[in-house]
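I opened the model to look up a few local features. These are my notes, in the order I took them.

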Amino acid sequence: SKRIVIEQDRSDTAAGEISLLRLGESGPEKVASSTVEPWGKFLRYQYFTWDFSAIEEPGMYVAEYRGQRSNPFRIGDDVFSRHAWQPTLEYYLPVQMCHMRVNEKYRVWHGLCHHDDALMSPVNLNHFDGYISGPSTLTEFEPMQAVPGLNRGGWHDAGDYDLRVESQMGTVWLLAMMVEQFGLDYDATHIDQENQVVEIHQPDGRNDALQQVEHGLLSVLGAYESMGRLYRGIITPTLRQYVMLGDGSVQTDNRVHDAGDGSSVADDRWVFTEQNPGRELNAAGGLAAAARVLRGYGDDLSKRALKAAVAVYGIASESSEPLTRQRVFALTELFLATSES
């Protein structure tokens, strides 16, 4: 399907005529036109759509509406072969990789960051970014105690540097589906987990999607195996750190804080925990899917992921909440991973 979405002022309810022009040797040529269809209001705008799926001739096109032209776009059977999903694997995910130094030839996207992760969060706290802790850490760790195993893997959040479990596991699941459903085998990036270095546009002979699945699991499983439960998230303790727009490697000093070393202020990030069966069931499903696609690539990590998936599901399934969608998702992924009913 091919549709155009038009955004107008909320008070502008007039549906105008839209035209599709094919760009050729002699200039733009109109190939179709119609009145746009009202879609409705959303937030501050009025929306209209136009379906031009019937146009199938390969070529470059522009749309024209009320004297304004769109950027050129292409119609063809190979529009997803390049510059579609590829930049996500080639740039976005590598640049967002936490606990790594990320290079691109002579450029440095960011230095080795957050290697001091993380201290257990204080209790009874409502953090400014929405993280909330109750009267207990829900683990054996005391507030402000260093939790090991959290300085590997994960991706920075889209707008800041925190790590949320739903973002990590949602990305892991999507990557696993790209491999499982479409057979994705794509290599454009060198990822060295031992030395915590990434080289963009330097292939290393390994499937980038599987390497990114591994990177997400290193964070989630590292926390699970240290704390005996999933984290809610990992985030900086102060607003001054949070609003930093520079290189993530300077958000903290990369040294694990020890209250006995004379430090007056710890800049280490905090790890929050929670009891949230819905999120835990979703994570269990993602862990199970990751376990499947990692077989033959990272067998040890695959086994660890499946073991955690079963355990997390077992705990979350005891909840009295219905959570039907989450239960079906988790059970489906676990069945596909184990063939056990």
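Ground rules. I am working with a predicted model, in which local features need pLDDT of at least 70 and side-chain atom pairs count only at pLDDT 80 or more, while totals for chains, interfaces and linings use all residues. I number residues from 1 along each chain as its sequence is written, and side-chain values use heavy atoms, with hydrogens and water left out.

Sheet. I looked up an open sheet and found 4 strands in the order β10-β9-β16-β15, with mixed pairing. Helices (H or I, at least four residues) and strands (E, at least two) are DSSP runs, numbered from the N terminus; two strands pair if DSSP finds at least two bridges between them. The edges are β10 (107-110) and β15 (189-192); each has a single partner strand, so one side of each lacks a neighbour in the sheet. Neighbouring strands are turned by 20 degrees against each other on average, direction ignored. Axes here are lines fitted to C-alpha atoms, for helices over the stretch in contact, and angles run from 0 to 180 degrees between N-to-C directions.

Aromatic rings. I find 11 aromatic pairs in the structure. Rings of Phe, Tyr and Trp (its six-membered ring) pair if their centres lie within 6.5 Å; planes under 30 degrees apart count as stacked, over 60 as edge-to-face and the rest as tilted. W39 and Y47 are edge-to-face, at 6.1 Å centre to centre and 85 degrees between the planes. W39 is exposed at 55% relative accessible area, whereas Y47 is buried at 14%. Buried means under 20% relative accessible area, exposed over 50%, partly exposed in between (1.4 Å probe, protein chains only). I also noted one aromatic cluster formed by W50, F52, Y61 and F73.

Loop. I placed E194 in the loop between β15 and β16, and this residue is exposed, with a relative accessible area of 72%. I find 31 Å between the C-alpha atoms of E194 and Y131, which are 63 residues apart along the chain.
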